[in-house]
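Subject: Structure for your review

Dear colleague,

Please find below the structure that I am handing over to you, together with its sequence.

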Amino acid sequence: MRFLHTSDWHLGRSFHRVNLLGAQRAFLDHLVETVRTERVDAVLVAGDIYDRAVPPLAAVELFDDALHRLAGLGVPTVMISGNHDSARRLGVGSGLMRQAGIHLRTDPAACADPVVLRDTHGEVALYGLPYLEPALVKEEFGARRADHAQVLGAAMDRVRDDLAGRPAGTRSVVLAHAFVTGGAPSDSERDITVGGVESVPASVFDGVDYAALGHLHGCQTITERVRYSGSPLAYSFSEEHHRKSMWLVELDAAGAVRAERLDCPVPRPLARIRGRLADLLEDPALAGHEDAWVEATLTDAARPHEPMARLAGRFPHILSLAFEPEEGPARSLASYAQRLRGRSDQEIAEDFVEHVRAGRAVDDAERAVLSSALDEVRVDDALREVAR
């Protein structure tokens, strides 16, 4: 049986104020055509379909069109909600959609209720685990602690229990939206740290033939049976060297996995350039970046006159400009976004406390207080969304 594994569409998201709706439409065209030409048996979408809980109308229309086209091909599609999605909104109409072969899995309580497909070798059970916010689902799963490993582990125990009651030889696939240990993050994923911990071990997926993961935006292989498809488009300059793709996964009769990467369309390449303004404007080695979306970091000792306008003369698609002088207090002049790149909410909060206390770092007790406060804020946000 052949699956097309994708995730993290983030429909409605822009890139440094550039509207990506056209690029997202081109990706979905490519996805539908791939399903057709590769004779795919099912499409797996591992969360973050939308970029925010209340997506813009144009993004909803694009999603609706994609669903109609996939249903028209007669190919089952299994989708889960991610941490960017509103599970309740995404799940509206799921009962009707199921009749058209579109299976939306947004309810944590139904994680052990699989979509069952059949081929000449028997049944394949596809389990959809939506993003599990630990504090909100701890009671549902009887977890001892509200952390990612506990709740995802409990959800997988339910999956394994259901699988054990199925006919011998039943193959299995799990869709999940999580940060698995060993994965490489980028700047464009939302922090999901709880209690100072954000990742879960890959062993949590032991017992299933394939785990189709979402959340991290780089396509990567954690193990042969545990993979991230990554996002189909770049959503930050930290993804400059990503090869955006989907996994074409084949399960044989015994559940062995064969996976092939299929490239996604690239609307425009990304480039990070660095140096003094005069050098960036003249360096012939940068000619290949003149049609790219560009992030430039200037290292001039003094801020040049109208640097953005001058750079745009050579790099018309420049989107971001930062200053890190080779001499002088580079940290204080760097852009706010530049200083925060790659840092978690916990690290940012600890740095702020250290800054306002003239260099005195937080101790263990204060670190625990900050962690608890950040957890409460995230839970409050999630509860407000559930109440809408």
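This is a predicted model: local features need pLDDT of at least 70, side-chain atom pairs count only at pLDDT 80 or more; totals for chains, interfaces and linings use all residues.

Helix α6 (residues 148-164) lies across β8 and β9 and runs at about 160° to β8.

Both strands belong to an open sheet of six strands, in the order β7-β8-β9-β12-β14-β13 and with mixed pairing. Its edge strands are β7 (115-119) and β13, each of which pairs on one side only. From one strand to the next, the twist averages 20°. At the β13 end, strand β13 (residues 220-223) and strand β14 (residues 226-228) pair in the antiparallel sense over three bridges. T221 has R227 of β14 as its bridge partner, and two residues separate the strands of this β13-β14 hairpin.

The loop between β12 (210-214) and β13 holds H215. Is H215 buried or exposed? Its relative accessibility is 3%, so H215 counts as buried. The side chain of H215 is joined to that of N83 by a polar contact of 3.4 Å. Apart from neighbours within four places in sequence, H215 is in contact with D8, N83, H177, A178, F179, E189, R190, I192 and Y228.

D8 lies in the loop between β1 and β2 (14-15). With a relative accessibility of 0%, D8 counts as buried. The phi of D8 is near 50°, which is a positive value in a residue other than glycine. E306 likewise is not a glycine and has a positive phi, of about 45°; E306 is found in the loop between β18 (293-298) and α8 (307-314).

I turn now to a second sheet. Six strands form this open sheet, in the order β6-β5-β4-β1-β15-β16, and the pairing is mixed. Which strands stand at its edges, and why is one side of each left without a neighbour in the sheet? They are β6 (102-105) and β16; each has a single partner strand, so one side of each has no neighbour in the sheet. Neighbouring strands are turned by 20° against each other on average, with direction ignored. Helix α1 packs on this sheet and touches β1, β4 (42-46), β15 and β16, its direction making about 170° with that of β1.

Within this sheet, strand β15 (residues 245-251) has six of its seven residues buried, so β15 is largely enclosed by the rest of the structure. On one pairing, strand β1 (residues 2-6) and β15 run in the antiparallel sense over four bridges, and L4 has L248 of β15 as its bridge partner. On the other, β15 and strand β16 (residues 257-263) pair in the antiparallel sense over seven bridges, where the bridge partner of V249 is A259 in β16. β15 and β16 form a hairpin with five residues between them, and G255 in the turn has a positive phi of about 90°.

Helix α1 also meets another helix. The axes of α1 (residues 21-37) and α2 (residues 57-73) come within 10 Å and cross at roughly 10°. Since angles under 35 degrees count as roughly parallel, that crossing makes α1 roughly parallel to α2. On the α1 side, the contact is made by L21, Q24, R25, L28, D29, L31, V32, V35 and R36; on the α2 side, it is made by A58, A59, L62, A66, R69, L70 and L73. By class, this contact of α1 with α2 has eleven nonpolar, one polar and four charged residues.

Finally, L57 lies in helix α2. At 60% relative accessibility, L57 counts as exposed. L57 and R274 are 217 residues apart along the chain, and their C-alpha atoms are separated by 38 Å.

Yours sincerely

Definitions and conventions
Residues are numbered from 1 along each chain as its sequence is written. Side-chain values use heavy atoms; hydrogens and water are left out. Axes are lines fitted to C-alpha atoms, for helices over the stretch in contact, and angles run from 0 to 180 degrees between N-to-C directions. Angles under 35 degrees count as roughly parallel, over 145 as roughly antiparallel, 65 to 115 as roughly perpendicular and the rest as oblique. Contact means heavy atoms within 4.5 Å. Ala, Val, Leu, Ile, Met, Phe, Trp, Tyr, Cys and Pro count as nonpolar, Asp, Glu, Lys and Arg as charged, and the others, Gly among them, as polar. Buried means under 20% relative accessible area, exposed over 50%, partly exposed in between (1.4 Å probe, protein chains only). Two strands pair if DSSP finds at least two bridges between them. A polar contact is a pair of N or O atoms within 3.5 Å; within protein, one must be able to donate a hydrogen and the other to accept it, and residues adjacent in sequence count only if both atoms are side-chain atoms.
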